[in-house]
Amino acid sequence: MHEPARAEPARKEFWTPGVYALIVLAGIAVVIAIYRFVYGLSAVTNLDQEYPWGIWIALDVATGVALAAGGFTTAAALTHIFHRHRYEVLVRPALLTAMLGYTFVALGLTVDLGRYYNMWHPLMPSMWQGNSVLFEVGMCVVIYLNVLYIEFLPIVCERFIGAVHLPGLLARFNQPVDSLLRFLDRTLSRVMFLFIIAGVVLSCMHQSSLGGLLLIAPYKMHPLWYTPILPFLFLLSAIAVGFPMVIFESLLASKSFGRKPEMHVLTPLARLVTLTLGIYMIAKIADLLIRDAYVYLFDGSFESWMFLAEMFFGGFLPMGMLLSDKVRFSPNLLLASTTLVVLGVAFNRINVFLVAYQPPYAQKAYFPSLGEIFFTVGMIAALMLVYRAAVTIFPILPPGHKPSSRVLIKQEG
Amino acid sequence: MKLNRRGFFQVMAAGTATALASQPAQASDQAQASNPNSIGMLVDTTECIGCRKCEFACDMANNLTGQPVKAFEDMKVYDRERRMSENAFTVVNRYANPEDSNRPIYVKSQCMHCLKPGCTSACLVGALRVGDNGAVVYDAWKCLGCRYCMVACPFQVPMYEYDDPLTPRVRKCEFCHTRLEEGKLPACAEMCPPMALTFGSREELLKLAHKKIESNPDRYIDHVYGEKEVGGTSWLYLASREFEKTGFLKLGEGAVPSLTEPIQHAIFKLGLPPLALYGLLGAMMWTYRNGDEYIDPGESEETDPSA
Ligand code: SF4
Ligand code: SF4
Ligand code: SF4
């Protein structure tokens, strides 16, 4: 990896009441998943012949991928391609989130797919179907997931080189494993830039294709969201949510581990958000104007309210907040505004996949079942658990006692 | 919903103005439409008597519910509009006839076997595909159960076996392609007592349909449903009353994949945009290699062995 290591495993009691709560929620999701595998999708979900996709696609997959965008925007593009090294303290948390985020997207998809055991089919050239947008999304996600694991490997190496202590009989492998890690570390540090660029390319491709998925249903989509540039808007919103997601997480992690928030990097990063979010909003508004779709904005329909709410709470409000110095320098206000951006993108994905999708002959509108909701909540809980475990095992977060270590060390050195 | 359809044309107008011109899609639409082997079925709704024999025949031919013919003689089902299901690939519905209330209009529905289907374009593993004769067929072995085909079908046709936990299938009419290979007619057409269903080559059927309209302008409205809808369908309909009044969807002439496929082709067939982006990012990485003011040049390219 390019960045000098300034991180260490978090030293904090793992078993807190919050962790127990997360375990209960994750446990519920496991029970729901088992129920689904035994009794079928109809036993757990409200999906029907008109609404084949529900929140497991809109949230677990589409939103999950969007919110994992911090990996390619912050960790890869900003820090490694544009070499803004002041943001290095954020690289590892962002990378971890992306890796876990995509892993959970894959897990969520497994539960949603009717024939999950055929998941490998798109990898077989004999079944490739290049016309399909979903094919591209699937391929990019699979490859990117592997790229993320590779990008994470140096952190594993760093943690275990010289510290391989396998238990019992396995102890005799300590030496070979250690050599393997050293070899990996050396090789990877030379070729890592190839993977980092590939990760950004793959991200741009599937983040946008995710928006392209619904372009195939022109007669079913509400005109407020149906636009030929939907893929472009999805890419812009993924870029727009990347930094806020990283800020949001960093602030939450500081709170949960009782550290001082990394405001010295979060505040300048928040300034960049006004740029990325601004570009996204301008594109969205221009699109409405060019397509003359603004006529649907104030027609009082449910869709129009959902669109306005999405734009206000996910766009104008956080934008207004982030433009103010007071907000950017205050941990709590910054947390509030980035939460809005994050929820705003989730709101957009729900709107595009569920609200805008209006199939003919529908008997009733789709609303997620309790099973669907609790499964999604449980998956988020499980992701947080694994995240917490990962930061206590691996050097992800900066050393706790020196919140602004990078700058301090710089000055000391 | 009405606003929806109108909105679509505006969108399409905007769409053609974008860089991704829909030229290639139109070209391939025409190539498909002129496939001389393309089979078709002409449904003359003015001939249909609503006997539901086609439903029975379909049920038998596809081993669906296995109900006896008696079950299909129940005419009470017409009291409410029915939709296809995973156990019924075709259903007949009854609609009022303003000209003669004693002779209601019956409409049989099933997969339209589009010439440029949304479902086959959507399917990421080719589990749904257009056969040489134009029949849109399904291979459950390949299917992932992602249900994207259901999202993509403009007629809302593919049905899913949500109750099956292990081997759920996408279910729809496959134009009796195994019967066709044996030289038989599609089951519904074979069983239909009057001449409501005519099987043949799509080209011939179109000619026949227009001839019928010409020689009987009082009986038919001048519109063959399926000739142009969503780029053309293999199933064609004649009617005495506007189609929208008898359960048909008002759809435009654009094939549903005409936006997605050009985008996919631009990315995959050329592979250039991703490579160009890769090169661009690489160049940026090089250009900005000195980074911002916080960078220590000696440190940046090295792995820190400490910790
Ligand atoms: S009607 Fe639907 S299922 Fe049938 S071929 Fe067309 S898109 Fe496919
Ligand atoms: S559900 Fe099956 S047939 Fe339909 S798109 Fe997915 S893989 Fe293809
Ligand atoms: S069998 Fe023929 S006449 Fe009877 S309902 Fe079907 S299409 Fe109509």
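Buried means under 20% relative accessible area, exposed means over 50%, and partly exposed lies in between (1.4 Å probe, protein chains only). B:Val230 sits in the loop between helix H8 (202–215) and strand S9 of chain B. Its phi is positive, about 35°, although the residue is not a glycine. Most residues other than glycine have a negative phi. A:Tyr361 also has a positive phi, near 65°. That residue lies in the loop between H12 and H13 of chain A. A:Tyr361 is partly exposed, with a relative accessible area of 23%.

The model is predicted; local features need pLDDT of at least 70, side-chain atom pairs count only at pLDDT 80 or more, and totals for chains, interfaces and linings use all residues. Residues are numbered from 1 along each chain as its sequence is written, chains are lettered from A and ligands numbered from 1 in the order in which they are written, and side-chain values use heavy atoms, with hydrogens and water left out.

Chain B holds 11 helices and nine strands. Helices (H or I, at least four residues) and strands (E, at least two) are DSSP runs, numbered from the N terminus. Of the 307 residues in chain B, 52% are buried. The accessible surface of chain B is about 14,500 Å². Carbon and sulfur atoms account for 55% of that surface. Accessible areas come from the Shrake-Rupley method with a 1.4 Å probe; for residues, only the protein chains shown count as cover.

The largest nonpolar core has 128 residues. A nonpolar core is a set of buried Ala, Val, Leu, Ile, Met, Phe, Trp, Tyr and Cys residues joined through side-chain atoms within 4.5 Å. The residues with the most contacts inside the largest core are A:Leu96, A:Phe152, A:Phe353 and B:Tyr148. Helix H6 (residues 133–160) of chain A gives the largest share of this core, 14 residues. Leaving out residues up to four places away in sequence, A:Leu96 touches A:Phe152, A:Tyr387, A:Ala390, A:Val391 and A:Ile396. A second, separate core has 45 residues, including B:Cys54, B:Cys58, B:Tyr106 and B:Ala189.

A:Ala68 is placed in the loop between H3 and helix H4 (70–81) of chain A. At 5% relative accessibility, A:Ala68 is buried. Neighbours within four places in sequence aside, A:Ala68 is in contact with A:Ala98 and A:Tyr102. The C-alpha atoms of A:Ala68 and A:Ala94 are separated by 8.0 Å, and the two residues are 26 apart along the chain.

Over all chains there are 27 aromatic pairs. Rings of Phe, Tyr and Trp (its six-membered ring) pair if their centres lie within 6.5 Å; planes under 30 degrees apart count as stacked, over 60 as edge-to-face and the rest as tilted. A:Tyr51 and A:Tyr357 pair edge-to-face, 6.1 Å centre to centre and with 75° between the planes. A:Tyr51 lies in the loop between helix H2 (41–44) and helix H3 (55–67) of chain A, and A:Tyr357 in the loop between helix H12 (331–355) and helix H13 (370–393), so the pair ties together parts that are 306 residues apart in sequence. A:Tyr51 and A:Tyr357 are buried. In chain B, B:Phe175 and B:Trp235 form a tilted pair, 5.7 Å centre to centre with 40° between the planes. B:Phe175 is in the loop between strand S7 (170–171) and helix H6 (177–181) of chain B, and B:Trp235 is in strand S9 (residues 235–238), 60 residues apart. Both B:Phe175 and B:Trp235 are buried. Ring pairs also link A:Trp53, A:Phe234, A:Phe353 and B:Tyr148 into a cluster.

Ligand 1 is surrounded by 14 residues. A residue is near a molecule if one of its heavy atoms lies within 4 Å of it. The closest to ligand 1 are B:Cys111, B:Met112, B:Cys114, B:Cys119 and B:Cys153. The shell around ligand 1 has 11 nonpolar, two polar and one charged residues. Here Ala, Val, Leu, Ile, Met, Phe, Trp, Tyr, Cys and Pro count as nonpolar, Asp, Glu, Lys and Arg as charged, and the others, Gly among them, as polar. Residues around ligand 2 include B:Cys123, B:Cys143, B:Cys146, B:Arg147 and B:Cys149. The shell around ligand 2 divides into 10 nonpolar, one polar and one charged. Around ligand 3 lie residues including B:Cys48, B:Cys51, B:Cys54 and B:Cys192. By class, the shell around ligand 3 has nine nonpolar, one polar and two charged residues.

Methods: Contact means heavy atoms within 4.5 Å.
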